[in-house]
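Please look through the structure shown below, and then read the notes that follow with it at hand.

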Amino acid sequence: MQLRDIAWASLKRRRGRFVFALAAVALGIGTVVALVSLSRAMRAEVGDELDRFGANIVITPKARSLDVAYGGLAVAGLTVDVEELQTKDADTIRTIPNQRNVSAVAPKLVGTMELEGQHALLIGVRFKDEGGVKSWWKIDGRLARNAGEVMLGSEASQSLRKRKGDRISLAGEPREVVGVIAPNGSLDDQAVLTDLGVAQQALGKPDTVTMIEVSALCRGCPIEDMVSQMATVLPHARVAPIRQAVAARERAVLQFSRFAYAVSAIVLLVGTVVVLTTMMASVAERTQEIGILRAVGYRRTQVARVILFEALAVNLAGGIAGWLAGFAASRALGPAMAQLTTPIPFDFSLGAAAILTALVLGAAGGSYPAIRAARMDPAHALRHL
Amino acid sequence: MSLVELHAVSKIYNHSVAPVCALADATLQIAEREFVALMGPSGSGKSTILSILGAMNPPTSGRVTVDGLGIYSLSVERLADFRREYLGFVFQQLFLVPYLTALENVMLPLAAAGIANKRQREMANDALSRVGLDDKTHRLPADLSGGEQQRVAIARAIVNAPPLLLADEPTGCLDSRTGRDIIDLFHRLRDDGLTVFLVTHDAAVAARADRIVHVQDGRVLDGVVAADSLSA
């Protein structure tokens, strides 16, 4: 027989009381696991939504301020350039420490020129990169792939009377219209989108870009850090997060996270108090037993270990049950409570954290009763002597 | 040679508030392999002497030695070790752990000593065999008679072969025949080398000891009566 066998026998003897404590711990841990799972899943989904939404960082030349609206978002300092952005600046962005969080870098040159006898807005882009930051585009046709192809905004298509399959002469060469972008309320509606190199040639601005849009993967992306890193590698540029989107994301996630953590803390506190009171009651009920143990030669530390083992065993079982129940609850309630569209993945690290938390709470709730038991005077405990 | 010595031991309870002198200047010697009975009326100080000898109640003054060891100079944890290594306790109230079997109750002191499980079982089975309970090792205390429970308690007290057995009214809750059997058992244990110190109200039980010590109003009386002369 070992000390744990005594604790185990005691747990079995008082199973009703300990099942109640176990249920309290499981409820506490389960609530925490469910809330944290939902919070994480919401954060991930908001991040994914933002990724789908497009660019969340805009880079413009450092210039005297002149407000311009692009893409429905306020962007500062586009016009009076002090030092223009270069095409190579777009590649420099991918050298920042958080480069793994950069999903798309879309440089563009914006200008106006005569096309087909009309005054037209020309935007030169890298089509593949542009597709990465304009995932919401609905195209009649397809995304252009090379310098011989162009795309038209819906208004530009009407004013130029060009449709998919037609050709436009640009920079001295005919270019095929391969797609017309459905109206989206942005500047793109009025634009002729062509390859960046072609636009630079047509507008007489070789190797120059007006702005660079960056799409950062928002799942856990440190966007403020990334802005700072980009500003460091591009000292001549102004790097600005699209604050509205970032702030909205942060607000939503932070509010829920704070709520989740506050509720978790309260529930865990209640769980710890239940464990504490259960163990205190158990120690009080077992005064005589503890006196026997002390009388037959158990050291204080050995008595404390028996009591602590019981508390930890209850909390271990409660932690595992709570983790599984919390995970199941978050999966079941996620779509209804948090409008989650993807199932919450099974997370072993969260399980490990839940069990560790339960054990820490068990140690916290069991320590005082264990110390009380250990300090019990054996003569007093036996009362007889 | 004395195994146990109490020298000028006093015990005052509630020292600072309302002092009660439970024991005054008590001196007592118990030899190895001696069977001593301590008699006295209620409140005379018997239990105080027993708890002091049991390393559970430090005296207010005086010196207590067991096997030459001044026990109250030990730390709290070493006192626990001392109880495990030197003492066996038998109480009037049986004080068995109700959710452990007879065998497990006997194994309790061995678990505290960190003895391997297999060896614990061997020793506990041997102790239960010595008290005549080898056929009821896996019963819970509630399934045993009062006499059988007392035998389990005695087996627990002797399982780790301590030199001194302390017994407090061990026959108090038993019928006279079972009580006689328990005292017979104490004699056999004494014959095997154990020193027995027994507290009792029962003159018939005390008469079977080698020596009777009387205590009254917290004083160990000088008149030590040889049991043999009483029974004769």
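## Helix 5 of chain B

In this predicted model, the buried residues of helix 5 of chain B are Q149(B), Q150(B), R151(B), V152(B), A153(B), I154(B), A155(B), R156(B), A157(B) and I158(B). Because ten of the 13 residues of helix 5 of chain B are buried, this helix is largely enclosed by the rest of the structure. The cover over its buried residues includes strand 6 (87-90), strand 7 (164-168), helix 3, helix 4 and helix 6 (176-191), which belong to chain B.

The length of helix 5 of chain B, which runs over residues 146-158, can be checked as well: at 1.5 Å a residue its 13 residues should span 18 Å, and the end C-alpha atoms are 19 Å apart, which agrees.

## Nonpolar cores

The largest nonpolar core has 129 residues, and those with the most contacts inside it are A155(B), I307(A), L38(B), V106(B), L165(B) and L198(B). Helix 2 of chain A (residues 15-53) gives the most to this core, with 15 residues. A155(B), one of the residues with the most contacts in that core, is also among the buried residues of helix 5 of chain B.

Around L38(B), once its neighbours within four places in sequence are left aside, the residues in contact are K46(B), I49(B), F197(B), L198(B), V199(B), V213(B) and V215(B).

Strand 15 of chain A, residues 211-216, is mostly covered, since six of its six residues are buried. In a regular strand the side chains alternate between the two faces of the sheet. Both faces of strand 15 of chain A are covered, with M211(A), E213(A) and S215(A) buried on one side and I212(A), V214(A) and A216(A) buried on the other.

Strand 15 of chain A pairs in the antiparallel sense with strand 1 of chain A (residues 57-61) over three bridges, and V214(A) is there the bridge partner of I57(A).

## Where chains A and B meet

Between the two chains, 30 residues of chain B are in contact with 23 residues of chain A. On the side of chain B that touches chain A, the elements giving two or more residues are helix 1 (46-53), helix 2 (76-86), helix 3 (102-112) and helix 4 (117-130) of chain B. By class, this side of chain B has 15 nonpolar, eight polar and seven charged residues. Helix 3 and helix 4 of chain B, which contribute to this side, are also included in what covers the buried residues of helix 5 of chain B.

Notes
Residues numbered from 1 in each chain as written. Chains lettered and ligands numbered in written order. Predicted model: local features only at pLDDT ≥ 70, side-chain atom pairs only at ≥ 80, totals over all residues. Buried ≥ 20, exposed ≤ 12 C-beta atoms within 10 Å, placed from the backbone. Helix = DSSP H or I, 4+ residues; strand = E, 2+ residues; numbered from the N terminus. Pairing = 2+ DSSP bridges. Contact = placed C-beta atoms within 7 Å. Nonpolar A, V, L, I, M, F, W, Y, C, P; charged D, E, K, R; others polar. Core = buried A, V, L, I, M, F, W, Y, C linked by C-beta atoms within 7 Å. Expected span 1.5 Å × (residues − 1).
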